[in-house]
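Please read them with the coordinates open.

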Amino acid sequence: MKRFALTLWLIGISLPAMAQAIAPFGVDPVTVSETGPAPSAIPQLAPFAPEMPVQTEINTTLPAPILTAQAPVQSSATGPDETALRYFAQQGDTVRLQREIERLRALYPNWQPPADPLTTDFVPDQSIVRIWDLVTAGDYAGARAAIAEKKAADPTFVPTADLTETIERGEAGTRLRIASDADQYDEVLSIAANAPQLLTCASVDNLWRLAEAFIKTGTKQRGADAYSYILTNCTDAAERFATMQKASDLLDREELTPLLALEQNEEFAPLRLDLARRAVAAALEEGGATPATDDIDLLGKSAMADKNAEDLRLLGYLELDRNRPSEARRFFEAAISADPSAESAQGLGVALVQLNDPAEAEAALAEYRDENEDIAKVYRDAAAATLAREPRLAVSETILGRIVETAIGTRDAGLAQELGWYAYAFNQPQTALEWFQTALGWQADLEPAAYGLMVSANALGDAARVEEIRRSWGGRSVRIAQFGNLTSVTAPSSAVPLPKPRPAHLTQVQTVRVVQQEAPRQVQQAEAPSGGGGSGGGGSCQTFRPPNSLSPGGALTHAWCLMDLNRPAQAVDHFGRALDSANQATRSDAAYGRALAYVRLGLPDEAAVAAAAAPLSDKRIVELQTAILTLKATSAYGVGEYQLALAMLDARAQYAPERNDLLTLRAWSYYHLRRFREAERIFEAVAATGYGDAVSGLDAARASLRSAQAQ
């Protein structure tokens with residue numbers, strides 16, 4: 001009777017208790033007396049003696065075969081059949097000899113190998129050799145067929161107990177591995193309960209599979225007990241280390257602590273380091289827990305000592321995540337020294353930008369700026385910040401040359417307009433104008449470049465171009481419409497005083513407004529809230545942080561912080577990074593925030609696309625649709641598309657009532673379409689509320705009506 005309770009030898013509890021423990025897994029162990037003999041394959045008191053010889057490799061199939069001689073030595077009550085052992089010795093097969101010694105020791109704890117296994121003359125029976133070859137190959141059906149053939153040829157032949165037991169153990173082991181590979185964990189437990197001879201240090205793979213089965217069926221402590229049993233009784237160093245690796249993949253960190261305590265001679269030091277590495281890496285994921293100080297210290301000491309660039313970069317990004325750019329710089333500089341690569345330079349560049357040292361960041365990144373898009377983006381950000389420093393500092397020809405080369409090579413409109421402001425700051429308005437023109441050629445809707453073009457044209461005394469820009473952009477930018485406080489489209493008698501230039505990333509980008517001679521003086525900002533996902537606070541995003549250096553959750557917080565600082569152009573990319581999150585709520589906040597940022601930038605089409613990136617609540621949909629349609633209406637009016645402006649206002653009316661400024665815009669649209677009566681009716685209604693901008697419109701509409709009637 002081979003069914004018996006697993007935990008008797010696994011964790012030392014009584015058989016009745018084990019029967020109760022296994023019952024939930026569907027195993028039906030036969031009750032065995034606690035005082036009865038243990039199965040022959042498992043010693044009763046110490047299944048695996050600590051002094052057992054160390055294996056040179058893991059035997060996951062079966063113990064080494066036993067060969068029966070022509071005059072076989074049968075097992076006796078006092079010892080095993082040593083035929084195979086003597087055969088391997090005669091053949092000089094030391095590996096299989098050692099395996100056979102280990103197998104026999106596991107089966108017979110009091111047995112000692114012969115001092116000289118070569119003293120007995122030995123001639124093997126080739127038919128028995130064939131049977132064992134089949135067993136060794138895992139062909140147990142073939143082995144049983146060969147045994148039947150041997151019996152038919154020699155009716156006196158009786159297989160040794162070791163041969164029979166090895167075949168049975170091999171068959172059970174095959175079933176266990178098949179069940180384990182198919183994730184049939186209850187079946188694994190059942191097979192192990194009925195074939196305990198499988199669970200030896202000589203076949204540690206079976207013990208690993210048993211531990212996994214316990215864990216996958218919800219009894220993690222029993223799985224931990226199985227790993228603990230291996231570490232307490234098995235001596236092979238590679239197998240002990242592999243045991244801890246498998247445990248670390250299936251158990252939580254705190255559940256590994258008792259197993260790590262079974263360490264011998266610091267054998268798990270590499271694993272402890274890997275666990276620390278995992279903890280630090282996990283902290284950089286969205287919602288990741290802060291790693292223990294011991295883990296950070298362990299990884300830091302190891303990385304610095306071994307000059308492990310990958311670990312140094314990992315620690316650098318952890319320090320960036322902890323808002324400690326100085327410490328991050330130290331790790332990234334060490335990484336650069338160990339591995340002067342694009343990956344190391346990128347981290348250092350990010351840290352230097354956060355430390356408000358963009359010039360050093362540009363220098364660190366310059367060599368690798370063409371390696372990939374991620375580092376190219378960081379380089380362009382560092383270059384732009386270098387040009388935009390206040391007070392402005394002269395940049396060397398070498399640095400300026402590579403910044404110009406990068407701007408042209410990547411057609412980066414933002415960097416081009418920063419070059420425009422840089423030239424303007426050093427009294428080179430013609431060069432500035434050319435850069436602003438270039439920027440607009442690459443991105444036609446870049447308002448800061450249009451404003452820079454206007455400022456440069458004004459400095460050059462080109463009043464006609466100033467007014468041309470005003471006509472083109474006045475409906476999309478308040479500062480362009482109100483530049484120089486002009487109230488007429490006629491050219492001024494003198495140039496407008498030169499305004500103090502400001503870098504675009506520090507210049508507030510206004511929302512779409514309309515200023516024309518006969519139009520309302522101001523269309524208010526589209527009604528959308530200033531936040532939605534929570535703000536990170538103004539102070540936490542004052543320094544530049546590349547979106548890809550943040551987790552999606554961290555990027556979302558940073559983006560809302562940028563919105564609080566009215567820096568929607570930078571917030572767009574951070575909201576984009578947040579869209580990489582697997583969390584639906586984070587994605588929804590990111591889509592809403594990105595759409596809102598585009599609204600603030602006066603880009604309604606981009607806002608509409610952004611809003612479709614993730615599901616939004618009905619309230620947010622209404623808010624964004626209202627804001628987007630407001631932008632489209634004012635933009636259409638600004639370029640003279642009055643019919644389209646009316647259509648957008650009609651669409652907007654489905655989401656929100658029209659304010660006085662938009663009613664006035666509607667009236668002016670009717671006016672330009674020569675629908676004077678409708679214009680007069682709206683102007684009159686709005687003027688009656690005291691809204692001053694409607695009064696001049698009412699006068700214009702009535703004058704046009706009188707003129708039309710007179711004709």
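1. Helix 18 (residues 358–366) brings E362, A363 and A366 against I399, R402 and I403 of helix 20 (residues 397–410), where contact means heavy atoms within 4.5 Å, and helices are DSSP runs (H or I, at least four residues) numbered from the N terminus. By class, this contact has 4 nonpolar, no polar and 2 charged residues; Ala, Val, Leu, Ile, Met, Phe, Trp, Tyr, Cys and Pro count as nonpolar, Asp, Glu, Lys and Arg as charged, and the others, Gly among them, as polar.

2. This is a predicted model, in which local features need pLDDT of at least 70 and side-chain atom pairs count only at pLDDT 80 or more, whereas totals for chains, interfaces and linings use all residues. Residues are numbered from 1 along each chain as its sequence is written, and side-chain values use heavy atoms, with hydrogens and water left out.

3. Helix 18 and helix 20 pack at an angle of about 65 degrees, and their axes are 12 Å apart; axes are lines fitted to C-alpha atoms over the stretch in contact, and angles run from 0 to 180 degrees between N-to-C directions. The two helices are therefore roughly perpendicular to each other (under 35 degrees counts as roughly parallel, over 145 as roughly antiparallel, 65 to 115 as roughly perpendicular and the rest as oblique).

4. Across the whole structure, a search finds 12 aromatic pairs, defined as rings of Phe, Tyr and Trp (its six-membered ring) with centres within 6.5 Å, planes under 30 degrees apart being stacked, over 60 edge-to-face and the rest tilted. The rings of W560 and F575 have centres 5.0 Å apart and planes at 75 degrees, so the pair is edge-to-face. Since W560 lies in helix 26 (residues 552–564) and F575 in helix 27 (residues 568–578), the pair ties together parts that are 15 residues apart in sequence. W560 is buried at 1% relative accessible area, and F575 is buried at 0% (buried means under 20%, exposed over 50%, partly exposed in between, with a 1.4 Å probe and protein chains only).

5. Y637 and Y642 also form an edge-to-face pair, with ring centres 5.3 Å apart and planes at 65 degrees; Y637 is buried at 0% relative accessible area, and Y642 is buried at 17%. Elsewhere, ring pairs link W421, Y424, F436, Y451 and F483 into a cluster.

6. S551, in the loop between helix 25 (478–481) and helix 26, counts as buried at 10% relative accessibility. Leaving aside neighbours within four places in sequence, S551 is in contact with L284, E285, E286 and R577.
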